[in-house]
Amino acid sequence: MAADTQQIAQRIPEEKSSLPAVVLVAGWLIPGLGHLILGKWVRALLLFLSIVGMFLIGIAAQGKIYQPGSGDILDILGFAGQLGLGLLCGLAHWFSWGANSAVNTLADYGTKFIVCAGLLNYIAAVDAHSLANGRKASL
Amino acid sequence: MTLSHFSAVLLFSLFTSVVFGITQRAQPKMMIRFGAYCFVLFVGAVVIASWVMYAIKH
């Protein structure tokens with residue numbers, strides 16, 4: 001009990017710092033950057049390679065890049081997933097990467113790769129946030 | 001770009017398992033173990049589902 005109280009008391013100063021918010025936003029903008037800021041460079045590299053790799057395969061397969069404001073609920077959900085890619089999502093819109101619609105099976109796979117890469121980046125950014133505020137053990 | 005169904009499964013499973021392993025476990029050894037477990041489950045589920053679909057069709 002005393003140990004629990006001590007752990008909580010130790011956590012409070014970390015929660016007040018801006019580091020958790022910084023690593024959360026950094027990890028969302030660039031996959032793995034949140035972990036890199038925390039000094040976990042191996043995890044950062046693996047996350048970056050996995051998420052960017054999935055995104056690039058999706059783009060190469062002519063996966064669909066969802067546009068905001070189309071009104072279709074599935075498009076909105078797809079866009080919310082792809083928004084998890086942070087800067088990569090912005091670059092895809094800016095340079096018109098991918099396709100406006102999935103025209104074959106491979107392109108449909110590509111669309112799923114891009115959306116899942118975004119969702120995985122959400123998980124990675126939240127993991128970096130949990131490491132920074134002490135909610136997850138940093139080993 | 002040409003990607004077969006099975007190679008797409010392998011790549012998806014690999015990348016997803018790496019992220020799951022890193023984010024869902026705290027110790028490096030457990031990360032590797034959980035990542036490998038996820039990879040086997042992903043690929044195994046696909047192989048089983050493929051055989052089920054084959055059995056239904058034939």
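A:Gly34 is buried, with 31 other C-beta atoms within 10 Å. Here "buried" means that 20 or more other C-beta atoms lie within 10 Å of a residue's own, "exposed" means 12 or fewer, and "partly exposed" is in between, with C-beta atoms placed from the backbone. This is a predicted model, where local features need pLDDT of at least 70 and side-chain atom pairs count only at pLDDT 80 or more, while totals for chains, interfaces and linings use all residues. Residues are numbered from 1 along each chain as its sequence is written, and chains are lettered from A and ligands numbered from 1 in the order in which they are written.

So where does A:Gly34 sit? Look in helix H3 (residues 33–37) of chain A. Helices (H or I, at least four residues) and strands (E, at least two) are DSSP runs, numbered from the N terminus. Leaving aside neighbours within four places in sequence, A:Gly34 is in contact with several residues, among them A:Val23, A:Leu24 and A:Ala128. Two residues are in contact if their C-beta atoms, placed from the backbone, lie within 7 Å.

Not counting residues up to four places away in sequence, A:Val23 touches A:Gly34, A:Ile37, A:Leu38, A:Ala128, A:His129 and A:Ala132.

| Pair | Separation in sequence | C-alpha to C-alpha |
|---|---|---|
| A:Gly34 and A:Asp127 | 93 residues | 8.8 Å |
| A:Val23 and A:Val126 | 103 residues | 8.8 Å |

Now zoom out to the whole of chain A. It has 7 helices and 0 strands. Of its 139 residues, 41% count as buried. Among contacts in chain A with a separation of 6 or more, 71% are between residues 24 or more positions apart.

An α-helix has 3.6 residues a turn, so residues three or four places apart point the same way. After H6(A) comes A:Ser96, whose phi is positive, near 55°.

What about the largest nonpolar core? It is a set of buried Ala, Val, Leu, Ile, Met, Phe, Trp, Tyr and Cys residues joined through C-beta atoms within 7 Å. Of its 38 residues, those touching the most other members are A:Ile51, A:Met54, A:Phe55, A:Phe113, A:Ala117 and B:Val19. H7(A) gives the largest share, 12 residues. Leaving aside neighbours within four places in sequence, A:Phe113 is in contact with residues including A:Met54, A:Ile57 and B:Phe12.

That brings in chain B, which has 2 helices and 0 strands. Its radius of gyration, taken over C-alpha atoms, is 14 Å, well over the 10 Å that the globule rule (2.2 Å times the number of residues to the power 0.38) gives for 58 residues, so chain B is more spread out than a compact globule. Buried residues make up 21% of the 58 residues in chain B. The contact between the chains takes 13 residues from chain B and 21 residues from chain A.
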